[in-house]
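I opened this notebook to record what I looked up in the fold and in the surroundings of the ligand. The entries follow the order in which I worked.

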Amino acid sequence: MSNNLLKGKRGIISGALDSNSIAWKVAERAHAQGATFTLTNAPIAMRMGEINKLAEATGSTIIPADATNMDELKNLFTQSTEVLGGKIDFVLHSIGMSPNIRKNIPYTKLNYDFFNKSIDVSAFSLHKMLATAYELDAMSEWGSVVALSYIAAQRTYPFYTDMADAKAVLESIARSFGYHYGKAKKVRVNTISQSPTKTTAGNGIKGFEDFYDYADKLSPLGNASAEACADCCMFLFSDLSRMVTMQNIYHDGGYSNTGVSDEVMAMMRSDNA
Ligand SMILES: NC(=O)c1ccc[n+]([C@@H]2O[C@H](COP(=O)([O-])OP(=O)(O)OC[C@H]3O[C@@H](n4cnc5c(N)ncnc54)[C@H](O)[C@@H]3O)[C@@H](O)[C@H]2O)c1
């Protein structure tokens, strides 16, 4: 379904690794809503080659960039404005990675070099993207930047280890930069706190399957899918949300405001039977 919500808008979409990626669904939806955009990911992720299919389907140019590298980000924004023919109206930050999680290191024994890497890739990269766009004056007034977060920024989820800290920083950067960019250029910055979603990053977390089911049973609407998340991004990229900035929007089927559900109570009873 298309309402041409993003007709005439130019964007940059990061983080589409394969067809399960949230960013992949965002790109498909943005294309359907009439946007033109470039796709970007870390050069190493290009090796899988999957992103070429998405580029073909959406008529997009791929511009590789490691989101921790300022030179590569500068190239990303400069080339994107050239390829798309003007300033950028929306940016999706859909980037996360923890070497501590990859190596199964528990929170009480974090490797600090890895910890730095987790926060650099998963949080500072948002600041670096915003600072690059700001410096180059690459975004249109009323432009919109959205980054993806998780509720572990507010509450403890033991298996999420240092990504919880990274998400807390990410959300804070959205608020802080949102203030400065809003004042200077009316550019909006928000995060979406998304339900557990079956993607490469999601499945990399220990016990993800069990937790996915738990969250699904706790949420009155069930877990929000990647496609639904993409729809929420369309709203935030569009002019319909022009006064929404510096927010963390829970896109989780009601999970964040639910103490317990009948389904979870029933699970507890059957465990004790
Ligand atoms: N899957 C979930 O359960 C879930 C829930 C809430 C939030 N999120 C967040 O959604 C975002 C997207 O993740 P996803 O679930 O679609 O998984 P994904 O694995 O498909 O996407 C993560 C992306 O980050 C990219 N990336 C890693 N290091 C990078 C770097 N240095 N430079 C540029 N890109 C880099 C990867 O190549 C990949 O494309 C992440 O921020 C993630 O934390 C995911």
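I count two strands as paired if DSSP finds at least two bridges between them. The model I examined is a predicted one.

**Entry 1, the β6-β7 pairing.** I began with strand β6, residues 188-194, which is joined to β7 by four bridges. The two strands run parallel. Within this pairing I noted Ser193 opposite Tyr250 of β7.

**Entry 2, the sheet as a whole.** I then asked in what order the strands of the open sheet lie. I read the order as β3-β2-β1-β4-β5-β6-β7, seven strands with parallel pairing. The edges are formed by β3 and by β7 (248-251), each of which pairs on one side only.

I next looked up both partners of β2. On one count, five bridges connect β2 with strand β1, residues 10-14, in a parallel arrangement. Here Ile13 faces Leu39 of β2. Thr38 stands opposite Thr61 of β3.

Are the residues of β2 buried or exposed? I found five of the five residues in 36-40 buried, and I describe the strand as mostly covered. In a regular strand, side chains alternate between the two faces of the sheet. I therefore sorted the residues by side, taking 20 or more other C-beta atoms within 10 Å as the criterion for burial. Thr36, Thr38 and Thr40 are buried on one side, and Phe37 and Leu39 are buried on the other.

I asked which residues are closest to the ligand. Of the 27 residues surrounding it, the closest are Ser21, Gly96, Thr199, Ala201 and Gly202. I noted that α1 (22-32), β5 (139-149) and α7 (200-203) each contribute at least two residues to the shell. The largest share, three residues, comes from α7. By class, I recorded 13 nonpolar residues, 13 polar residues and one charged residue in the shell.

Key. Residues are numbered from 1 along each chain as its sequence is written. This is a predicted model: local features need pLDDT of at least 70, side-chain atom pairs count only at pLDDT 80 or more; totals for chains, interfaces and linings use all residues. A residue is near a molecule or strand if its C-beta atom, placed from the backbone, lies within 6 Å of it. Ala, Val, Leu, Ile, Met, Phe, Trp, Tyr, Cys and Pro count as nonpolar, Asp, Glu, Lys and Arg as charged, and the others, Gly among them, as polar. A residue is buried if 20 or more other C-beta atoms lie within 10 Å of its own, exposed if 12 or fewer, and partly exposed in between; C-beta atoms are placed from the backbone.
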